[in-house]
Amino acid sequence: MPVASEDTDLPASLIELAHRYGVATGYADWTGRPVTVPASTLISVLDALGVPAAVEDDRSAAIAAHDRAHWSRALPPAIVGRTGATTSFWVHVTHNDPVRLWMRLEDGSVRTGLRQLENNRPPYDLDGRLVGEASFELPADLPIGYHRLHLQVGSSDTGTTVIVAPASLEPPARLGSRRAWGLSTQLYSVRSRNSWGVGDLTDLTDLAVWSAAAHGAGFVLVNPLHAAAPVAPMEPSPYLPTSRRFVNPMYLRVEAVPEFAYVRHRGRIRKAQAQVQGRADRSDQIDRDRVWKAKREALQSIYLVKPSAGRAIAYQAFLDRQGRSLDDFATWCALAERHGGNWHSWPEDLRHPRSAAVARFVDEHPSAVDFHRWLQWLVDDQLTAAQADAVQAGMELGIMHDLAVGVDPDGADAWALQEVLALGVTAGAPPDEFNQLGQDWSQPPWRPDRLAEAAYEPFRALVGAVLRHAGGVRIDHIIGLFRLWWIPEDAPPTAGTYVRYDHEAMIGIVALEAHRAGAVVVGEDLGTVEPWVRDYLRDRGLMGTSILWFEMDREGTGGPLPAERWRESCLSAATTHDLPPTRGYLAGEHVRLRDALGLLTRPADEELAGDRAQQRAWMSELRRVGLLGGDDDGELDVDEVVLALHRYLGRTPSRLLSLSLADAVGEVRTQNQPGTVDEYPNWRVPLGDPQGRQMLLEQVFTDPRAAALCEVMRAGVKPPV
């Protein structure tokens, strides 16, 4: 935990209280300069954790309450261990009382005989009762899983969850020790002739099958498919979803729903599809609202069709498996369709999922709620097919999903999970080299204390859901599982501080769920990262992320980092969704766009000059390794440069290589410009060719440029002969 310097003016009690709750009182900024966090920030962040800290009396009372809460607990709220290693934990009982400990494992078997360790900590006086502490040890041979530890004192029985994670996540057997390459794409931007104005799950399946069968791809990495609010205007950013646990039904292929065959007026649905597709052909932006309105009407007609007996059984099994979380999500969607997508503006008695008014609403509108449950079942069905077809086509991993860092504060997850989310703060990022004003993502962060008290069940459910139909997952801002930048309400991003999470628990759960899914985990670990974190992720079997333009030899020449020195445990790519495709980056589009939007922190000429110097350094590196001809003064062929940059990725030891579909077809425009909302059409740009003309998926399959780049990637992951 970074601490404030000794000469800080912060009260000692505030420092003590902040450290107890994992709140940083000081940190090093992106330049390495030590920063002391203002008292006002600490007080606001502690308040979001339910801890009054504004005055000395509040702080003294809060420290005493923290001690009492600790000693009042018989067992920790959760115990986290690793396979192959012992794990110690404490037990609190009345001083000198005998205890009996036993475990029920996930498979139903029972373990006893836990070894006691020496603990000489003196007892604590809890309202006149002396509470003693004993230490015990979980054995090293426990299997992975979620187990239950029981403490018996006399006739009372207390339990807690024991989470045993793999010491290190091994690659799935289909991948083994081999390298693999895959396409990355923003699925909504990839239309086909039969989609409804946006790319859908059938398009994803076809893209996976083509890239695997024709070019040996091992995976397709897609943007987060998380659910958006089902009302207009639909949030375009896949990184600001209403729910991360569930999927946006906008991605459904209507005609692929089995009950579609039995709709009486299928011609009406096909006409709606043709109309929305025709409008998309004529538009330069994706119109989610129009697409969802047409799809929703079609899906409502299909919902009225009675399913076969087998399909009805499958639906009920899905409902049983999903349980209360699906009920809450479907209820929120039905309420949003009547009261709008911001639950904070609903009638007060509807603002909590367990209220009597919400229960009455469900009783009075059963079909409205069930419709949204049913949509999630359809999505589950089509995702199952996409992953199965991808693997059957030869992919080692199949679909790699993307897990966003948070959710819309006004959305379904924030409503359903409000007890484990922090109110009065938002998550973001401190200033860094690329965002010198910092970032506010407007998303409520997990409360680390409440997560632990819930034995991490909400997080376990989230990770399990995103991996249900996946051969891999990319976790956006994985550093947020270690520490997250909390920004007090109405404060700028620069006025935040870090809050620590139990990374052993969070990363352990990710590894456990990925092991069970047979999946790889890629962490987006760009930006300000503590040096030890990347080593920790590597040791736990999780991969990092490398983006070519950011891979510079900062401790040596200052130029490009030579390929052989890139990380092995990594997914490497030429670009990311927050930058233009490579062709656009080479043309300086990222500088011109930020200048036009007023986002530069220095004159555009200086920014362009720095950008050209970086590009010249990369061209020199490509020539040094024999991937590019000519000299520094010669005119460059852009297609040759793009090919050379992707060949360079193949020279790295990185286990996974990614080719952006936008790069494959020569697109220039970026999908997202950080720091903007509507000033640029973020997340609404359809896939296009170098001239900006829309490209359908069928055209991608026959595009010579795409084929050439895919073959470069295939060659890059082939073992040397």
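**Entry 1: D203**

Leaving aside its neighbours within four places in sequence, which residues is D203 in contact with? D203 is in contact with V190, R191, S192, S195, V198, R253 and L697, where contact means heavy atoms within 4.5 Å.

A note to myself before going on: this is a predicted model, in which local features need pLDDT of at least 70, side-chain atom pairs count only at pLDDT 80 or more, and totals for chains, interfaces and linings use all residues. Residues are numbered from 1 along each chain as its sequence is written, and side-chain values use heavy atoms, with hydrogens and water left out.

I found D203 in helix α4; helices (H or I, at least four residues) and strands (E, at least two) are DSSP runs, numbered from the N terminus. With a relative accessible area of 1%, D203 is buried. Buried means under 20% relative accessible area, exposed over 50%, and partly exposed in between (1.4 Å probe, protein chains only). I also checked D203 against T426: they are 223 residues apart in sequence, and their C-alpha atoms are 35 Å apart in space.

**Entry 2: S211**

I stayed in helix α4, which covers residues 201–215, to look at S211. Is S211 buried or exposed? Its relative accessible area is 0%, so S211 is buried. A polar atom of the S211 side chain lies 3.2 Å from the backbone oxygen of A208. Beyond the neighbours within four places in sequence, I listed W181, L183, G216, A217, V220 and M395 as the contacts of S211.

**Entry 3: S658**

Next I went to strand β25 (residues 656–660), where S658 lies. S658 is buried because its relative accessible area is 3%. Which side chain does the side chain of S658 make a polar contact with? The partner is the side chain of S184, at 3.4 Å. A polar contact is a pair of N or O atoms within 3.5 Å; within protein, one must be able to donate a hydrogen and the other to accept it, and residues adjacent in sequence count only if both atoms are side-chain atoms. Setting aside neighbours within four places in sequence, S658 is in contact with residues including G182, L183, L571, S572 and M713.

**Entry 4: helix α7**

I compared the span of α7 (residues 309–339) with that of a straight helix. Its 31 residues would reach 45 Å at 1.5 Å a residue if straight, but the end C-alpha atoms are only 35 Å apart. The expected span is 1.5 Å times one less than the number of residues. Where is the kink in α7 centred? I found it at G323, with a kink of about 100°. The bend at a residue is the angle between axes fitted to the seven residues ending there and the seven starting there. After α7 comes G340, whose phi is positive, near 95°.

R129 sits in strand β9 (residues 129–138). At a relative accessible area of 35%, R129 is partly exposed. Not counting residues up to four places away in sequence, R129 touches V93, T94 and Y124.

I noted domain 1 (12–69) and domain 2 (77–165), with bounds from an automatic or database domain assignment. Their C-alpha centres lie 30 Å apart.

**Entry 5: cysteines**

How many disulfides are there? I counted zero, taking a disulfide as a pair of cysteine sulfur atoms within 2.5 Å. C333 counts as buried at 2% relative accessibility, and C570 counts as buried at 0%.
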